[in-house]
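Hello,

I am passing a structure on to you, and it is shown just below.

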Amino acid sequence: MFDLKHDKLALFINVCVGFFFLSALTFQGGYNVAPMALMLLGLGYSVYCLFKKMPFALTKEAKWLIWTLLFYFSVFVLSWLIHDGKIRELDNPSRVLLFIPVLLLLLHIPPRLNMVLYAIPLGSMIAGITAIYDKLVLHSEMAFSSRIMHIQGGDISMSLGMFSFAIGFYFFQKTQLKLTALCILAALFGILGSILSTARGGWPALPILLIALLWIYRRNLSKTFFITLIGLFTLAIIGITQMPNNQISERFAAAQDDIQQYLEQGNGSTSVGARFDMWQSVFIMVQEKPILGWGTQGAPQKRHQLAEQGIISQYAGQFTHAHNQYLDDLSKRGIVGLVAFLAIFVIPLRRFIPSLKSDSAETKLIATLGTLHVLAVMIYCLSQSFFTHNSGNLFYFFLTIVWYALFTTQQGNIKRWHKTQ
């Protein structure tokens, strides 16, 4: 057994996982610290196991996840070779490989669920407070912009808020009402952080994920809870709209105006209009190279060429990605790339969704957190190239592995409990 001061390793792992939620939006590069530390520890663990000829004893589901990560990275390598790309193109996707040792480590020494239950709401509250500080003290136009790309920051803050809601529902199921109230408050702070980032792409996730969450816990929540939650949302919306420098109304009005200009005048030089033009450019690219796409360098060059030909706007032609991760992967790595990209969502969902009806409150919570995480990122990818940024890669893959490890451990605990009965 891997027992190199097991208690200290377990403590270190729990500190890292908890620190991730607290630090992701607190300082520049905060989302890097915990994943990188566990990558190094995971590599050491894997080397140790290989040297000692210790079996990893992987479950079928864990093998599926590993093969999915390998396939995802392999498509990047294939595209890089075929399109004679630059070595830096493999920088972001190569981190996927480093998460495999993290999975092996966390399956052996998983983080404690209790730690996650308190770290996430605290992290969500910190994200909201940070956003308020950015807007009211620093007078930043977009919250989080001094630490992380503001769209990424807003999306991550939204996820922390939705995770906090799920944990609040769990505590309500356990009739721990004070903790429920604290989690709901923390959730509102996380959502506030997303709103103050002015990143509109993450806002559609709120109603979709909240409806999904209410559906999952529909048999565990009372009518009083629903009424109270609606009341809190109403008060929160009123409060947010009254905050100075919030820019919410302006952002909605700007989006509506952008769409109207595009439909009536074909104006692709606005924020929304440029996205429509970029998406149009992808459909043109796919018709010419559908299987393996144009490559990381070739797709932006083709988009620029389309702008020079007047097919799309000059403004849209300057972007290196399509502001839609699905279409971006399709243009750069073709249908093969899109399949690999969809697989990193589908395989985890196949693991989590069946357990949303579990009688175990803990299993249901972990499955809910995993499902919300995947669905949220899928929504973010509709209007943002979420994985083009290092923050997106680390956030998605790290938490997917954390939920996987927690879920597998919880399933193992239930099986052992049944055997003793």
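A word on terms before we start: helices here are DSSP runs of H or I with at least four residues, numbered from the N terminus. Please keep in mind that this is a predicted model.

Now the cavities. A search of the whole structure gives 2 of them at 30 Å³ or more. The largest cavity holds about 40 Å³ of space. Helix H3 (60-82), H14 and H16 each contribute at least two residues to its lining, and H16 gives the most, with 4 residues. Among the lining residues are Leu-65, Ile-344, Tyr-396 and Phe-397. By class, the lining of the largest cavity has 7 nonpolar, 1 polar and no charged residues.

The second largest cavity has a volume of about 30 Å³. Helix H1 (6-23) and helix H5 (113-136) each supply at least two residues of its lining, which divides into 7 nonpolar, 3 polar and no charged residues.

H14 also takes part in a helix pair. Helix H11 (residues 271-288) packs with helix H14 (residues 325-352) at an angle of about 30°, and their axes are 9 Å apart. The crossing of H11 and H14 is left-handed. On the H11 side, Trp-279, Val-282, Phe-283, Met-285 and Val-286 meet Leu-327, Leu-330 and Ser-331 in H14.

Finally, have a look at Ser-385, in the loop between helix H15 (361-380) and helix H16 (390-420). Ser-385 counts as buried because its relative accessibility is 0%. Its contacts include Gln-152, His-321 and Asp-328.

Enjoy exploring!

Technical notes:
Residues are numbered from 1 along each chain as its sequence is written. This is a predicted model: local features need pLDDT of at least 70, side-chain atom pairs count only at pLDDT 80 or more; totals for chains, interfaces and linings use all residues. Side-chain values use heavy atoms; hydrogens and water are left out. Axes are lines fitted to C-alpha atoms, for helices over the stretch in contact, and angles run from 0 to 180 degrees between N-to-C directions. A crossing is left-handed if the near helix is turned anticlockwise from the far one by less than a right angle, and right-handed if clockwise. Contact means heavy atoms within 4.5 Å. Buried means under 20% relative accessible area, exposed over 50%, partly exposed in between (1.4 Å probe, protein chains only). On a 1 Å grid over the protein atoms alone, a cavity is a set of points where a 1.4 Å probe fits but cannot get out, and a pocket is an open set with protein on both sides within 12 Å along at least five of seven lines; lining residues have an atom within 4 Å of a point. Grid points are joined across faces, edges and corners, and a volume is the space filled by probe spheres set on the points. Ala, Val, Leu, Ile, Met, Phe, Trp, Tyr, Cys and Pro count as nonpolar, Asp, Glu, Lys and Arg as charged, and the others, Gly among them, as polar. Lists of a residue's contacts leave out its neighbours within four places in sequence.
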